[in-house]
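Here is a brief report on one model.

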Amino acid sequence: MSNTLDALNSSLASTLRFWRGTNARPAARQPKKTLELYEFEACPYCRLVREALTELDLDALIRPTPHGGKRFRPLVEKLGGKQQFPFLVDPNTKKSMYESADIIDYLYETYGGRPAPTRLLRSLDVATSALASIPRLSAGSQARPSKAPKQPLELFSFESSPYSRRVRELLSELELPYLLRSTGKARWQDLGPPGLRATLFPKLPVTGRTRTELLKRAGKVQVPYLVDPNTGTALFESDAIREYLVATYAK
């Protein structure tokens, strides 16, 4: 599949999920120590947790656990007793847990300062999340041979971003750990591509915890944005990032 068609396909996945995981309404407080999430990109239940991270404006260290993966799957079994995903570890409270619904409730109660979305929508959430996985086929689900980085990478992303998804899928397949920097849109004027926002609202200041940081570090707000502390590389554009990851870490 060409890069253009792949991006359109990824947009379809976001549409099937009603573009959940786009906007950020910040958590009441940020965790002092980084949350740790064991998951893989194609998992419908993992998607629900990643959406909550975007919507709560929470970062997390992602340790990918695709099928056939040997880098982090055994560790989850050691920590929790079974290989089931998602699996959250919170070093701030010393709590760890399986089950996406429990994780989402925990994140909202512990950091959000507000109730989690109603459980009445749970069955719809699961069904549409599973439906959103269909266009992407097996992308992000099967492990590929790779070299482990000495330090986790860093990715500025929000869950529904079609281009960010393409990068996260590859990070998942290569089992590359990364700090997920939640970069959800802070207000309605942020919706749409960067060029459109700049045209419609040229003088509107950037807001949002991570979006402000991204502007300072990279000069503009655009996702995905990958930072690799192992090589000193930082770059935008999903195609360029994917090419870099394959050239640097794939075996």
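## Model

The structure is a predicted model.

## Packing of H2 and H5

Helix H2 spans residues 44-56, and helix H5 spans residues 122-133. The two pack at an angle of about 110 degrees. Their axes lie 8 Å apart. Angles of 65 to 115 degrees count as roughly perpendicular, so H2 and H5 are roughly perpendicular to each other. Their crossing is right-handed.

H2 contributes Pro 44, Tyr 45, Arg 47 and Leu 48 to the contact. From H5 come Arg 122, Asp 125, Val 126, Ser 129, Ala 130, Ala 132 and Ser 133. By class, the residues of the H2 contact with H5 are six nonpolar, two polar and three charged.

How many disulfides does the structure hold? The count is zero. A disulfide is a covalent bond between the sulfur atoms of two cysteines. The cut-off applied here is a sulfur pair within 2.5 Å.

Cys 43 is in no disulfide. The cysteine sulfur nearest to that of Cys 43 belongs to Cys 46, 3.0 Å away. Cys 46 is likewise in no disulfide, and its nearest cysteine sulfur is that of Cys 43.

## Burial of the two cysteines

Are Cys 43 and Cys 46 buried or exposed? Cys 43 is buried, with a relative accessible area of 6%. Cys 46 is buried too, at 0%.

Key. Residues are numbered from 1 along each chain as its sequence is written. This is a predicted model: local features need pLDDT of at least 70, side-chain atom pairs count only at pLDDT 80 or more; totals for chains, interfaces and linings use all residues. Side-chain values use heavy atoms; hydrogens and water are left out. Axes are lines fitted to C-alpha atoms, for helices over the stretch in contact, and angles run from 0 to 180 degrees between N-to-C directions. Helices (H or I, at least four residues) and strands (E, at least two) are DSSP runs, numbered from the N terminus. Angles under 35 degrees count as roughly parallel, over 145 as roughly antiparallel, 65 to 115 as roughly perpendicular and the rest as oblique. A crossing is left-handed if the near helix is turned anticlockwise from the far one by less than a right angle, and right-handed if clockwise. Contact means heavy atoms within 4.5 Å. Ala, Val, Leu, Ile, Met, Phe, Trp, Tyr, Cys and Pro count as nonpolar, Asp, Glu, Lys and Arg as charged, and the others, Gly among them, as polar. Buried means under 20% relative accessible area, exposed over 50%, partly exposed in between (1.4 Å probe, protein chains only).
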